[in-house]
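I opened a new structure today and kept notes as I went. Here is what I looked up, in order.

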Amino acid sequence: MSTGLTRVWERLPLKKQAAQSGIRVFSQQQPEIEDEEEFRVLNLRTVKQQFQRRREVRRDPVTPPRTNRMAVDQDWTAAWPAPRSFHPASVPLPLRQGFTERGAAAPSKFANAELMKIPNFLHLTPPAIRQQCEAIKKFCSPWPKGLETEAKWQRHFPVEVITTDYLQSLPTIRNLEARRVTISLKLSDLKFDAHARDKFLRLVGDRYNKDTDTVTFVTDRCPLRKQNYDYAMYLLTACYHESFVTEPWEASKSEADMEVYLFERNQSKIAAEGILNWSAKEGDNKISPPPAYAQCVEQLINEGENEYNLAKYKEEVKKMLNV
Amino acid sequence: MNFLKKLVPQVALAEAQLLSRSSIHTSAVCCRVQSGRYRITTKRNRPLTYEMANPPHFIGHRKSWNSWNTSTLEDGLRPSQTAIEDVFIRKFMTGTWHALVCSEVIIKRQHNTIRIAALIRQAITPRKMYFLIGYTEELLSYWMQCPVTLELQTVGDKNDVIFKYI
């Protein structure tokens, strides 16, 4: 095809024209292919062929571990500044980890995946912690004066607020459990009269711990901690102020509604007064039973009859009647 | 057959109880476990890494976990998503570092960062390795929407990680 084309080309007058103008329109000196490709020889018998040398892979020299060049008194906090998986070439310690059969040495630190798995504290050496503490010291403020002991700060801050922060390995920092707020305070820190105290205890119910004399509010119904804290403080305030309100129906509390026996409003007081004022005339000062007797009667009925209470009651009766 | 040997007293007990009451025969539960365990070859030439040499019931005793996160703790959040992400990271790592990863891929999560550790063969030039580190970190951090750090250790030969032959 190409030879035919060349022949046609030669006949054309264009070629001469081009040669005269000096423009090379078409390649005239086509190099002829001298070396003809040899046919592959069919090798029926297995003749040993020349061993072809494989191309050698040029490899960059692997640098020796960095630990070889480490000074003995180097600054370790600079060599390992942040948490990182274990790397044998950076840690100049002859570590070994792994279980082997009896007598065999444990696998060394090189190519040891177990050492890479376990969390290490190489970034939290005592000098590193000291260094970091020094660095953040300038952000600290001195401890407030007057709050040195626990007794002192409990007097100024009677309400204890307990919240929990959760650290987790997740892309989110939110945790639903963090919304819970617990506030507690000693009941003795609140000022009550007898009615208010009784009503407050009725309002808080089992949130009052009798053994430790503390009231505890746990709130978790709002989605945020701030809202729960506000709600808990609201509950405390509302209960406290509500306990001082005397509703009109509270006056209709009969003896059957009383939760404890009170000497003042019972028949035994009238009976004791009757005995003490047996021979008193009209207009004389009435003798009231002594408070020790009243207390012992209350104890006898509230706590039940036991040996101690009965003996005490006997003593008090004897004392009162001068027997 | 070891598991059968262990079961023999239990089965005998169960059978004795059953025979006394009725003649219904029950077979023992099939509790064959195979995952993470390797058969011994006749020529004893199967290479095992330390990880492979210890079956799964030694996790926490002879070897430790490959995934470290708080999702698997009690009341941990999004455990399923974390597990799926870990599977994806492992697949991506072994595919990106093709025929180079000599160990299990260790995934440690701290707060919002993911740290991936593995043993890599020194079969490619350091330049390519640096490229792959950046590539993996960049793509994974884009997908996981959190910083990803690769903490690799290289080994000269893949035989370096072999613990024993069975």
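These entries go from the interface to the sheet of chain B and then to the strands of chain A.

**Entry 1: the model.** I noted at the start that this is a predicted model.

**Entry 2: the interface.** I asked how many residues each chain gives to the contact. Chain B gives 37 residues and chain A gives 30 residues. Next I looked up the area buried between chain B and chain A. I found about 2,700 Å². Carbon and sulfur atoms give 58% of that area.

Entry 3: The rule finds 1 salt bridge between chain B and chain A. Which residues form the salt bridge? I found B:Glu51 and A:Lys117, with their closest N and O atoms 2.5 Å apart. I also looked up polar contacts, and 12 residue pairs are counted between chain B and chain A, with both residues at pLDDT 80 or more.

**Entry 4: the chain B side.** I asked which elements of chain B give two or more residues to the side that touches chain A. They are α2 (50–53), β3 (106–110), β4 (113–121) and β5 (148–155). I sorted the residues of this side by type and got 14 nonpolar, 14 polar and 9 charged.

**Entry 5: the sheet of chain B.** I traced an open sheet of 4 strands in chain B. The order is β2-β3-β4-β5, and the pairing is mixed. Which strands are at the edges? I found β2 (67–68) and β5 of chain B, each pairing on one side only. I followed β4(B) and β5(B) along their pairing: they run parallel and are joined by 8 bridges. In this pair I saw B:Ile120 opposite B:Thr154 of β5(B).

**Entry 6: helices across the sheet.** I looked at two helices of chain B. Helix α3 (residues 79–96) lies across β2, β3, β4 and β5 of chain B. I read its angle to β3(B) as about 135 degrees. Helix α4 (residues 126–144) lies across β4 and β5 of chain B. Helix α4 of chain B runs at about 150 degrees to β5(B).

**Entry 7: strands of chain A.** I turned to β2 (residues 181–186) and β4 (residues 214–219) of chain A. They run antiparallel, with 6 bridges between them. A:Val181 stands opposite A:Thr219 of β4(A). Strand β3 (residues 208–209) of chain A is also antiparallel to β4(A), through 2 bridges. There I found A:Tyr208 opposite A:Val215.

Terms used: Residues numbered from 1 in each chain as written. Chains lettered and ligands numbered in written order. Predicted model: local features only at pLDDT ≥ 70, side-chain atom pairs only at ≥ 80, totals over all residues. Heavy atoms only, no water. Contact = heavy atoms within 4.5 Å. Buried area = accessible area lost by both parts, 1.4 Å probe. Salt bridge = Lys/Arg side-chain N within 4 Å of Asp/Glu carboxyl O. Polar contact = N/O pair within 3.5 Å; in protein donor to acceptor, adjacent residues only side chain to side chain. Nonpolar A, V, L, I, M, F, W, Y, C, P; charged D, E, K, R; others polar. Pairing = 2+ DSSP bridges. Axes fitted to C-alpha atoms, helices over the stretch in contact; angles between N-to-C directions.
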